[in-house]
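I opened my notebook to look through this structure, one topic at a time. Come along and follow the entries with the model beside you.

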Amino acid sequence: MEMSRRKWNNAGMSLVEIVVVVLIMGILSAGAVVGFSFIRNRDASSAAEALLTALNRAKIQTTASDGVNDITLRVVADGDGYSAKILKSGTVIDEVEIGDSALTIVAKNDDGSISKTVSGTNVCDITFQKSNGAFTSNYTKLIVTGSKTVTVRMVTSTGRSYIE
């Protein structure tokens with residue numbers, strides 16, 4: 001009698017149990033996809049925020065500098081991703097990490113005549129006037145693209161920048 005109970009208990013899983021496990025795995029997978037999408041969207045937004053921070057730091061460095069227009073903000077792409085380097089007479093004095101290499105950063109003018117995609121060989125140099133902090137560069141927007149697109153607008157005449 002005891003032997004027949006053991007055989008009965010080793011029957012395996014029922015169809016209902018298998019369906020429940022597959023449903024749970026599907027729900028977890030869908031949650032992971034949504035989570036990864038949220039992280040990718042956040043990357044473009046946080047990269048735009050980092051660019052805005054770098055622009056503001058460079059503007060402050062320019063107005064506080066003892067030289068004349070010797071501060072440059074250089075947006076560069078290297079193996080790990082993007083960074084913004086604040087240069088004083090060609091020497092790095094500050095650096096802001098922007099984002100990973102999955103992003104794309106393009107500098108444009110409003111009319112589209114000037115466009116530069118930041119890559120390993122292309123850098124984007126942005127300069128300010130010491131007297132009033134206005135941009136001397138011809139770029140009016142920095143466009144950060146990941147799974148979504150975020151634009152950092154630069155007002156040339158005032159040196160103000162903001163995220164659209």
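**Entry 1: strands and sheet**

I began with strand S4 (residues 104-108), which is joined to S5 by 3 bridges, the two running antiparallel. For the names, I took helices (H or I, at least four residues) and strands (E, at least two) as DSSP runs, numbered from the N terminus. Two strands pair if DSSP finds at least two bridges between them. I looked up one partner: Ala107 has its bridge partner in S5, and that partner is Lys116.

Before going on, I noted that this is a predicted model, where local features need pLDDT of at least 70 and side-chain atom pairs count only at pLDDT 80 or more, while totals for chains, interfaces and linings use all residues. Residues are numbered from 1 along each chain as its sequence is written, and side-chain values use heavy atoms, with hydrogens and water left out.

Next I asked in what order the strands of the open sheet come. I read S5-S4-S7-S8-S9, 5 strands with antiparallel pairing. At the edges I found strand S5 (115-117) and strand S9 (160-163), each pairing on one side only. On average, neighbouring strands of this sheet are turned by 15° against each other, direction ignored; the angles are taken between N-to-C directions, from 0 to 180 degrees, with axes as lines fitted to C-alpha atoms.

**Entry 2: aromatic rings**

I looked for aromatic pairs (rings of Phe, Tyr and Trp, the last by its six-membered ring, with centres within 6.5 Å; planes under 30 degrees apart are stacked, over 60 edge-to-face, the rest tilted). The count came to 1 aromatic pair. Phe128 and Phe135 form this tilted pair, at 4.8 Å centre to centre and 35° between the planes.

**Entry 3: salt bridges**

I counted 4 salt bridges, each a side-chain nitrogen of Lys or Arg within 4 Å of a carboxyl oxygen of Asp or Glu. I wrote down three of them, as follows.

Lys88 and Asp66 meet through their side chains at 3.4 Å, N to O. Lys88 lies in strand S2 (residues 81-88) and Asp66 in the loop between H2 and strand S1 (71-77), so this pair ties together parts 22 residues apart in sequence. Lys88 is partly exposed at 30%, whereas Asp66 is exposed at 68%.

Arg74 forms a salt bridge with Asp125, with the closest N and O atoms 2.6 Å apart. Arg74 belongs to strand S1 and Asp125 to strand S6 (residues 124-127), so parts 51 residues apart in sequence are tied together. I noted Arg74 as partly exposed at 28% and Asp125 as partly exposed at 30%.

Arg153 forms a salt bridge with Glu164, the closest N and O atoms being 3.0 Å apart. Arg153 sits in strand S8 (residues 149-155) and Glu164 in the segment after S9, 11 residues apart. Arg153 is buried at 16%, but Glu164 is exposed at 52%.

**Entry 4: a surface patch**

Last, I asked which residues make the nonpolar surface patch of about 390 Å². They are Val16, Val20, Ile24 and Leu28. I checked Ile24, which is in helix H2 (residues 15-64) and is partly exposed, with a relative accessible area of 47%. Patches take residues with over 30% relative accessible area and no salt bridge, joining like charges within 9 Å and nonpolar side chains (Val, Leu, Ile, Met, Phe, Trp, Tyr) within 5 Å. The areas come from the Shrake-Rupley method with a 1.4 Å probe, and for residues only the protein chains shown count as cover.

How values were computed: Buried means under 20% relative accessible area, exposed over 50%, partly exposed in between (1.4 Å probe, protein chains only).
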